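Dear colleague,

Please find the structure below, together with its sequence. My notes on it follow directly after.

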Amino acid sequence: MSISVQNVFKNYGEQCVLNDVSFEIGSGEIVGFLGPNGAGKSTMMKIITGFVPYEKGTVKVCGLEVSQHGLETKGMVGYLPEHNPLYLEMYVKEYLRFIADIYKLGKAGNARVDEMIEKTGLTSEYTKKIGQLSKGFRQRVGLAQALIPNPQVLILDEPTTGLDPNQLIEVRNLIAEIGKEKTVLLSTHIMQEVSALCDRVLIINKGEIVADEKEQNIVSISHMKSHVLTVELDKTLDENDFLAIKGVNKAIQLKPTLFQLESKDDIRAEVFRFVSEKGLTLLTLNQQERNMEDVFHELTKK
């Protein structure tokens, strides 16, 4: 496994930030790491990178325990923190050469810097000072510095925060391309980003993992599993009339002839029969599809 986290605990004073967290990420996976603010995402990422110690458990990167082989594992991990720390007065290429020197790449460092400038789309910007760049290009510089040591694992904490729609698409495409060669753990609050990029989803809430599923299966794990129907009729009814339908738990009148029904099971056939018995015409009947945002809300609202 590229990343193995087993029974990890982390406290800040009396506050438990991570409570018995366990998960594994295989080589070549792009995994979305979701959770509300304060859930423990950034702390877990900093632990994997070796910047923050932990009280109990084991954390391994490419088979090496982070607490025992910190220098080696740091060389295997590229890290882009949420607030991308850059030296704004330095030129792009100058900064990346500085990073290459930190990793002691020697003569190979120049070639590596040139390769990352091209790979991250900085060819038109590398002669500028970082402070002159847009937010999107600064994120590209952050990704380039994370990739300089050619890490096997890439940790990205909110990499698209603050980007405009065009910049977001560009950086997202870049991450997808990088993910073909690297193991990527990606923290984000943008659900569409998870659907577009990730093979798997981890959801953390109050320091505990509450979901670990493949992206295409995540909407099926809801505890509530409720069905929501939108019903439009040719004439109005009292919303309470719908409670006579077996299985309807709640009915809301959205407009004079438009209603929203909630149920535990699929009740579309019962609705058809009910409307027919009332002598009404059913104009529309739509069953709302559950999405990742619904599941995220249900698993983290408590």
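Val 153 stands opposite Thr 183 of strand β8, where strands β7 (residues 153-157) and β8 (residues 183-187) pair in the parallel sense over five bridges. Helices and strands here are DSSP runs (H or I, at least four residues, for helices; E, at least two, for strands), numbered from the N terminus, and two strands pair if DSSP finds at least two bridges between them. Please note that this is a predicted model, in which local features need pLDDT of at least 70 and side-chain atom pairs count only at pLDDT 80 or more, while totals for chains, interfaces and linings use all residues. Residues are numbered from 1 along each chain as its sequence is written, and side-chain values use heavy atoms, with hydrogens and water left out.

Strand β8 also pairs with β3 (residues 30-34), in the parallel sense and over four bridges; there, Phe 33 has Ser 187 as its bridge partner. Together, β7, helix α6 (residues 165-178) and β8 make a right-handed β-α-β unit (right-handed if, with the strands pointing away from the viewer, the path from the first strand over the helix to the second runs clockwise). Five of the five residues of β8 are buried, so this strand is largely enclosed by the rest of the structure. Buried means under 20% relative accessible area, exposed over 50%, and partly exposed in between, with a 1.4 Å probe and protein chains only. In a regular strand the side chains alternate between the two faces of the sheet. In β8, Thr 183, Leu 185 and Ser 187 point one way, and Val 184 and Leu 186 the other.

A further sheet is open and antiparallel, with four strands in the order β2-β1-β4-β5. Its edge strands, each pairing on one side only, are β2 (15-25) and β5 (64-65). Between β1 and β2 there are seven bridges in the antiparallel sense, and Ser 4 stands opposite Glu 24 in β2. Lys 10 lies in β1 (residues 3-12) and is buried, with a relative accessible area of 6%. Leaving aside neighbours within four places in sequence, Lys 10 has contacts (heavy atoms within 4.5 Å) that include Cys 16, Ile 47, Tyr 54 and Glu 55. Asn 7, also placed in β1, has a positive phi near 55° without being a glycine, and is partly exposed at 39% relative accessibility.

Lys 206 likewise has a positive phi, of about 50°, although it is not a glycine. Its place is the loop between β9 (200-205) and β10 (208-214), and at 58% relative accessibility Lys 206 counts as exposed.

Leu 233, in strand β11 (residues 227-233), is buried at 1% relative accessibility. Not counting residues up to four places away in sequence, Leu 233 touches several residues, among them Phe 242, Phe 259, Val 275 and Leu 283.

Lastly, the largest pocket has a volume of about 540 Å³. A pocket is an open set of points on a 1 Å grid over the protein atoms alone where a 1.4 Å probe fits, with protein on both sides within 12 Å along at least five of seven lines; lining residues have an atom within 4 Å of a point. Grid points are joined across faces, edges and corners, and the volume is the space filled by probe spheres set on the points. Of the 19 lining residues, Phe 51, Ile 99, Ile 102, Tyr 103 and Gln 145 are the closest to the centre. Helix α3 gives the most to the lining, with four residues.

With kind regards
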